[in-house]
2 protein chains.
Amino acid sequence: MPPIHALAAKAPGAKLERFQYEPGPLGPGQVEIKVASCGVCHSDLSMRNNDWGMTQYPFVPGHEVAGTIAAVGPGVTSAKVGDRVGLGWYSGCCHSCRQCLGGDHNLCVAGEGTIVGRHGGFADRVRCQALWATPLPDAIDFASAGPLFCGGITVFNPLVQFDVRPTHRVGVVGIGGLGHLALQFLNKWGCEVIAFTSSDAKREEARRLGAHHAVATRDDAAIERLKKSIDFLLVTVNVSLNWPAYIDAVAPKGRLHVVGAVPEPIPVGAFALLGAQREVSGSPVGGPRVLGDMLDFAARHSIRPMIESFPMSRVNEAFEHLHAGKARYRIVLNNDLA
Amino acid sequence: MPPIHALAAKAPGAKLERFQYEPGPLGPGQVEIKVASCGVCHSDLSMRNNDWGMTQYPFVPGHEVAGTIAAVGPGVTSAKVGDRVGLGWYSGCCHSCRQCLGGDHNLCVAGEGTIVGRHGGFADRVRCQALWATPLPDAIDFASAGPLFCGGITVFNPLVQFDVRPTHRVGVVGIGGLGHLALQFLNKWGCEVIAFTSSDAKREEARRLGAHHAVATRDDAAIERLKKSIDFLLVTVNVSLNWPAYIDAVAPKGRLHVVGAVPEPIPVGAFALLGAQREVSGSPVGGPRVLGDMLDFAARHSIRPMIESFPMSRVNEAFEHLHAGKARYRIVLNNDLA
């Protein structure tokens, strides 16, 4: 195999620079994807900075990959060269733990992250287990597909896992890379949708994306009026909120669900849970089955991320744009490395 | 109607003393229960002390009632004089809100507590809506029935609400009035059961009650060894625990569930929820449907509370015994008031 041309950070916080590595022979059950484009997720930035203490350097980010199968390893029957596929946060699992056996490959005790201890998709090629290279519907182009594989699946997965129903009133807190997809999914899911955003401009846009109502994130009086009315409240932000007020807005038997990396513990009052039988939960990206269902759903309902494109070689500009909070709503890098 | 002979506190923390009140005519849809016995719950003590700021005085405690229907109001067809019934925390609901219409009468927005703003079961008679006087199976005697109506249903209800399965590994934290019933229910539910208790003596008893394993509540090393292994962790205590350790013991897709009135907010880390798709939740006592199912289940499996009996007139001694943490495991007052 020829070397892989990638972009890597050599140390925490360092700019990405060109980097080549020898991938070695393709292992049994593995595939190699020729990267057409790759979305940029905030986790790429967090990992580049070693915010979570698990980054290995040189570090190649990229876990919103879209491309085509370039090669398949021994024993692979589920994919063939030329297939259009996507790859997200996970690139491998053990296939034998209780979770894998139950169809929850995304909860595998030995799950392998695409950019954790291995090199990701800011490269001309990237590898994964065949199971994790999810086929793309024809209707979804590469640039639109990438962001669905992390931002999209992160907000779609809980709708499946926690049985959100079309008769539910749902809230989405934070209209960014994840939230702008959540609004679209939930509108087509049939729900009544309330967007919570700190930006006046985004409130208008939230309505265009599918929200029936829009509320300012810090408007305590407006949140108070929603008391006990929201069946499913999806928190996509990674900052602390007025948690008691948000939990109070959750309906009896309802749920506050977190998918953002909120740094401080969320203070959950027992009485707020007890009386109304409320739940507080979180979830990671979905597994292969849910990824496939999400892509079908997105294709059927013309759900796409709103993207801004950069050539992959200008990744450092893209990172700065993201870090400045300016991305509307997801950045995609088109490959110009090879 | 003759006056009702009851026991009431005249002020927060005051001893109970004899008290009579005129109940007036029995309203439509209501029944009057002749109280044979009444369990003593820690909430009776909390309410007597106005710990939750919602007590009205004179205050008549008692919400674990067992007895017979003494009279039925206009329109009642579901009960007749002489029926053996029980009455728990709730005595009324609106029958028309979203929760009542969905079968969740216990989550009614206007639910009426048996001892909240009205007089409870430490009396010769007590009233409720007919719906809330749940028929007792013949096999369950009055003294055993009472504690099932609050202590029992509080731990049985979540098994139904949250779909605990016989293949699950479950934990019960706190082996007292609630926990000693939870162990029995869960053993017969088919689960693998782990008891957590701070008392060495209770660890042995926990095994006799149905636990397969028993762990000391504050044994951090033992809890650490359970990491990611407990599908359903039922917390019946009302004190703070080493929450991060207990949440860590919850399996992927598992749940930490609170039914005790834990005073401080539980600090819930987003990462602990996210990665393993965990849930934290709470629930109140169950509604009429689940009460009926619990009684059938208890009758079929010979599940009974372990009780200590006092004459109702000696309620103040009973309260002291409970307050001292000496109850093994539930106190029942046998009526000698009339």
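**Briefing: a predicted two-chain model**

The side chains of Arg255(A) and Glu279(B) meet in a salt bridge at 2.8 Å, N to O, where a salt bridge is a side-chain nitrogen of Lys or Arg within 4 Å of a carboxyl oxygen of Asp or Glu. The model is predicted, so that local features need pLDDT of at least 70 and side-chain atom pairs count only at pLDDT 80 or more, while totals for chains, interfaces and linings use all residues. Residues are numbered from 1 along each chain as its sequence is written, chains are lettered from A in the order in which they are written, and side-chain values use heavy atoms, with hydrogens and water left out.

**Chain B against chain A**

- In contact terms (heavy atoms within 4.5 Å), 39 residues of chain B meet 39 residues of chain A.
- The two chains bury about 3,000 Å² between them, 58% of it on carbon and sulfur atoms; buried area is the accessible area (1.4 Å probe) that two parts lose on being put together, summed over both.
- On the side of chain B, Leu107(B), Leu274(B) and Gln277(B) lose the most area to chain A, together 19% of what that side buries.
- Across this interface the rule finds six salt bridges and 13 residue pairs in polar contact, both residues at pLDDT 80 or more; a polar contact is a pair of N or O atoms within 3.5 Å, of which, within protein, one must be able to donate a hydrogen and the other to accept it, and residues adjacent in sequence count only if both atoms are side-chain atoms.
- β14(B) gives the most to the side of chain B that touches chain A, with five residues; helices (H or I, at least four residues) and strands (E, at least two) are DSSP runs, numbered from the N terminus.

**The two domains of chain A**

- The domain assignment, automatic or from a database, gives domain 1 (4-140 + 304-334) and domain 2 (153-282) of chain A, and their centres, taken over C-alpha atoms, are separated by 28 Å.
- Nine residues of domain 1 of chain A are in contact with 13 residues of domain 2 of chain A, and the area buried between these domains is about 810 Å², of which carbon and sulfur atoms give 54%.
- Within domain 1 of chain A, Met306(A), Tyr329(A) and Arg330(A) lose the most area to domain 2 of chain A, together 57% of what that side buries.
- Between domain 1 and domain 2 of chain A the count is zero salt bridges, whereas three residue pairs are in polar contact, both at pLDDT 80 or more.

- Val315(A) lies in helix α10 (residues 315-323) of chain A, and it counts as buried because its relative accessibility is 1%; buried means under 20% relative accessible area, exposed over 50% and partly exposed in between (1.4 Å probe, protein chains only).
- Not counting residues up to four places away in sequence, Val315(A) touches Leu7(A), Leu16(A), Phe122(A) and Leu333(A).
- The C-alpha atoms of Val315(A) and Lys15(A) are separated by 8.9 Å, although these residues are 300 residues apart along the chain.
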